[in-house]
Amino acid sequence: VGTAGEYGYLIVGADDKLNADGNPNIIGVGNDIPSQKEILEKVNSYSEPPLPNLHCYRIELEDKQIFVISIPPSPFIHRLSKQLKTPKKEI
């Protein structure tokens, strides 16, 4: 959650639950990560209006690789263009 005009971030490879020290448990990601172009195409298949760009980074943390997707600020309000199904719920 952020404010208009700020980057948004999606971090893959860190648990949602926090350890006793307040930091997330680092799980890591495998080697089979989609390309930045593939991720943007997938995101845009669900986004209206489409995002013009995003940035992807691999970062080593605690001897494990995590994957960060950063979404640049946009002058538009983006919404889902179709239902998004996840293993736990449908949005």
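Trainee: Why is D21 called exposed?

Mentor: D21 has a relative accessible area of 57%, and exposed means over 50%, buried under 20% and partly exposed in between, with a 1.4 Å probe and protein chains only; therefore D21 is exposed. This is a predicted model, in which local features need pLDDT of at least 70 and side-chain atom pairs count only at pLDDT 80 or more, while totals for chains, interfaces and linings use all residues. Residues are numbered from 1 along each chain as its sequence is written, and side-chain values use heavy atoms, without hydrogens and water.

Trainee: Where does D21 lie?

Mentor: D21 is in the loop between β2 (14-18) and β3 (24-26); strands are DSSP runs of E with at least two residues, numbered from the N terminus.

Trainee: Why is G13 called buried?

Mentor: The relative accessible area of G13 is 11%, which is under 20%, so G13 is buried. G13 belongs to the loop between β1 (8-12) and β2.

Trainee: How many aromatic pairs are there?

Mentor: The count is 1 aromatic pair, where rings of Phe, Tyr and Trp (its six-membered ring) pair if their centres lie within 6.5 Å.

Trainee: What makes the pair of Y7 and Y9 stacked?

Mentor: The ring centres of Y7 and Y9 are 6.4 Å apart and their planes stand at 25 degrees; planes under 30 degrees apart count as stacked, over 60 as edge-to-face and the rest as tilted, so this pair is stacked.

Trainee: How do you know whether Y9 is buried or exposed?

Mentor: Y9 has 57% relative accessibility and therefore counts as exposed, whereas Y7, at 42%, counts as partly exposed.

Definitions and conventions
Helix = DSSP H or I, 4+ residues; strand = E, 2+ residues; numbered from the N terminus.
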